Amino acid sequence: MSLLGLACLVPAMYVTRAMAMGHAAFAALMLGPSPSQRENAALRERTEHLRASRARGVDAAEFERRRIERDLHDGAQQRLLAVAMDIGRARAKLDEDPEGARELIEQAHAGTREAISELRDLARGIYPAILTDRGLDPALSGLAGRAPVPVEVAVDLDERPPAAVESIAYFIVAESLANIAKYARATRASVRVAREDRWVVVEVIDNGVGGAVARPDGGLAGLADRAATIDGMLIVDSPPGGPTIIRADLPCTW
């Protein structure tokens with residue numbers, strides 16, 4: 001092969017490779033999805049995500065309904081039934097055994113107080129009145145005051161978010177603090193709620209032993225389902241040895 005031929009061969013190899021790459025790109029452009037097809041695919045993916053979120057929300061609402069029914073049946077309803085029986089027995093003894101009747105009335109009175117307390121706790125679990133009347137800061141401060149460990153609360157919101165966002169934020173903090181009390185063996189915790197762009201961010205941090213996992217049908221999974229009802233997300237970061245960080249990003253515009 002002459003030197004001239006060799007000199008022409010090397011550039012020709014690069015030109016051929018460039019032409020092949022150009023043909024491949026052109027074929028991908030012609031045969032691949034059009035911009036409208038890509039947009040439709042993105043919309044379908046978004047629709048599937050929303051459908052899954054709504055389904056999880058429905059499941060969470062159904063689980064909550066069954067829990068309320070169970071608590072009413074096993075708790076306050078049984079206590080009120082016992083109160084009615086005590087009053088009936090007291091009426092039967094009123095003339096013949098006034099002292100026994102008095103004891104039964106006292107017992108019925110105590111049972112009534114316990115039933116009222118259980119109903120109050122149940123109502124607070126559905127939607128606390130302080131959250132409706134005064135907003136997240138006082139409601140979360142109330143939760144922190146009842147926690148078994150010191151909890152620092154910081155709420156930085158210029159205005160009150162919509163009721164759905166407030167409710168989900170409240171229950172995320174309530175469930176997280178309940179888990180800290182049961183499992184974390186922590187000595188302190190913190191709660192932060194703040195507005196970041198179009199999101200309300202809720203963070204609960206404790207210095208416990210870590211290892212928290214959002215298991216199916218568990219409390220943390222239920223919180224993720226609550227957040228999903230408004231297309232929010234919940235992340236659990238809890239390495240062994242701690243600390244545990246539970247963060248929820250809730251979309252919000254107002």
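Leucine 119 sits in helix H3, which spans residues 98-126, where helices (H or I, at least four residues) and strands (E, at least two) are DSSP runs numbered from the N terminus. This is a predicted model, in which local features need pLDDT of at least 70 and side-chain atom pairs count only at pLDDT 80 or more, while totals for chains, interfaces and linings use all residues. Residues are numbered from 1 along each chain as its sequence is written, and side-chain values use heavy atoms, with hydrogens and water left out.

Leucine 119 counts as partly exposed, because its relative accessibility is 37%; buried means under 20% relative accessible area, exposed over 50%, and partly exposed in between, with a 1.4 Å probe and protein chains only. Together with Leu72 and Leu80, Leu119 forms a nonpolar surface patch with about 230 Å² of accessible area. Patches are made of residues with over 30% relative accessible area and no salt bridge, like charges being joined within 9 Å and nonpolar side chains (Val, Leu, Ile, Met, Phe, Trp, Tyr) within 5 Å. A salt bridge here is a side-chain nitrogen of Lys or Arg within 4 Å of a carboxyl oxygen of Asp or Glu, and the areas come from the Shrake-Rupley method with a 1.4 Å probe.

Helix H3 also holds serine 117, which is partly exposed at a relative accessible area of 32%.

Stepping back, the protein has 7 helices and 5 strands, running α-α-α-α-α-β-α-β-β-α-β-β from the N terminus, and 29% of its 254 residues are buried.

Now to the second largest pocket, which holds about 410 Å³ of space. A pocket is an open set of points on a 1 Å grid over the protein atoms alone, where a 1.4 Å probe fits, with protein on both sides within 12 Å along at least five of seven lines, and lining residues have an atom within 4 Å of a point. Of its 22 lining residues, Asn179, Tyr183, Ala212, Val213 and Leu220 are the closest to the centre. Helix H6 (163-184), helix H7 (219-228) and strand S5 (244-251) each give two or more residues to this lining, and H6 supplies the largest share, 7 residues.

Finally, helix H7 is largely enclosed by the rest of the structure, because 7 of its 10 residues are buried, including Leu220, Leu223 and Asp225.

Terms used:
Grid points are joined across faces, edges and corners, and a volume is the space filled by probe spheres set on the points.
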